[in-house]
Amino acid sequence: MSYDPPRPAGRLLLTPEDKEAPQRVRRLRGLGLGEHPDPALDAFADRLAELTGAPYAMVNFIDENRQFFAGLHTPGGAGLPRPATGGEHAKPEVGRQLAREYGFCPHVVVRRKALVLEDVCDYPRFAGNPVVDEFGIRSYLGAPLIDSTGMVLGTVCVVDTEPRPWGKPGLETIKSTAAELVARLEHLGGP
């Protein structure tokens, strides 16, 4: 895995370089994915949250600049992104889009493998990610959505604001749900 070079200001970008992004965007457009929220993908995220007991679950499609949660489960329901209000300690709400350098899914896409972070603070590479400070994310479990052409379309993932012992059952669940969703996306012509 290669990483972007340091910015002129000297800050190292921790988000991995994604050379397949342009091809992914074309593939996603061909499948009609990655541009709009999808109620079927929201329902899939709801089921994933229920299976794992996680407060947040996403079906995430990634392009050159952003991540788009076409399927989203949050504790308050999958609403529109709105900044949190009230007090200096308020955290922003999770919305449908994040910059590519936020979160852990871009790592899963480039690695082409599931990623289990029971406590992101145990991993210096991941503990410095903006979602840790800005959203309070402490644990992550995600798997790539690899289609029949070998293209990684995005990810399915769950996150929590507390450390979580996902273990082998969590890993098996996230990988099997990713495979299930890819089959649905390709063979049924959509979610």
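By class, the lining of the second largest pocket comprises eight nonpolar, no polar and two charged residues; here Ala, Val, Leu, Ile, Met, Phe, Trp, Tyr, Cys and Pro count as nonpolar, Asp, Glu, Lys and Arg as charged, and the others, Gly among them, as polar. The structure is a predicted model, in which local features need pLDDT of at least 70 and side-chain atom pairs count only at pLDDT 80 or more, while totals for chains, interfaces and linings use all residues. Residues are numbered from 1 along each chain as its sequence is written, and side-chain values use heavy atoms, with hydrogens and water left out.

Grid points are joined across faces, edges and corners, and a volume is the space filled by probe spheres set on the points. The second largest pocket holds about 150 Å³ of space. Its lining is made up of Lys113, Ala114, Ala143, Pro144, Ile146, Leu171, Lys175, Ala178, Ala179 and Val182. Both β5 (139-146) and α6 (167-187) supply at least two residues of this lining, and α6 gives the largest share, five residues. Such elements are DSSP runs numbered from the N terminus, with helices (H or I) of at least four residues and strands (E) of at least two.

One cavity of 30 Å³ or more was counted. The largest cavity contains about 160 Å³ of space. Of the 16 residues that line the largest cavity, Met58, Phe69, Leu98, Val131 and Val159 lie nearest its centre. Two or more lining residues come from each of β2 (66-73), α5 (130-135) and β6 (152-160). The lining of the largest cavity divides into 13 nonpolar, three polar and no charged residues.

Three aromatic pairs were found in the whole structure; rings of Phe, Tyr and Trp (its six-membered ring) pair if their centres lie within 6.5 Å, and planes under 30 degrees apart count as stacked, over 60 as edge-to-face and the rest as tilted. Phe104 and Phe126 form an edge-to-face pair, with 5.9 Å from centre to centre and 70° between the planes. This pair links distant parts of the chain, 22 residues apart: Phe104 lies in the loop between β3 (97-99) and α3 (105-111), and Phe126 in helix α4 (residues 124-127). Phe104 is buried, at 3% relative accessible area, and Phe126 is buried at 7%, where buried means under 20%, exposed over 50% and partly exposed in between (1.4 Å probe, protein chains only). One aromatic cluster is formed by Phe104, Tyr123, Phe126 and Tyr140.

Two arginines in loops were also examined. Arg164, in the loop between β6 and α6, counts as buried because its relative accessibility is 17%. Beyond residues up to four places away in sequence, Arg164 touches Thr52, Gly53, Ala54, Pro55, Glu118 and Ser139, a contact being heavy atoms within 4.5 Å. Arg112 is placed in the loop between α3 and β4 (115-117). Its relative accessibility of 33% makes Arg112 partly exposed. The phi of Arg112 is near 65°, a positive value in a residue other than glycine. Most residues other than glycine have a negative phi.

Conventions:
On a 1 Å grid over the protein atoms alone, a cavity is a set of points where a 1.4 Å probe fits but cannot get out, and a pocket is an open set with protein on both sides within 12 Å along at least five of seven lines; lining residues have an atom within 4 Å of a point.
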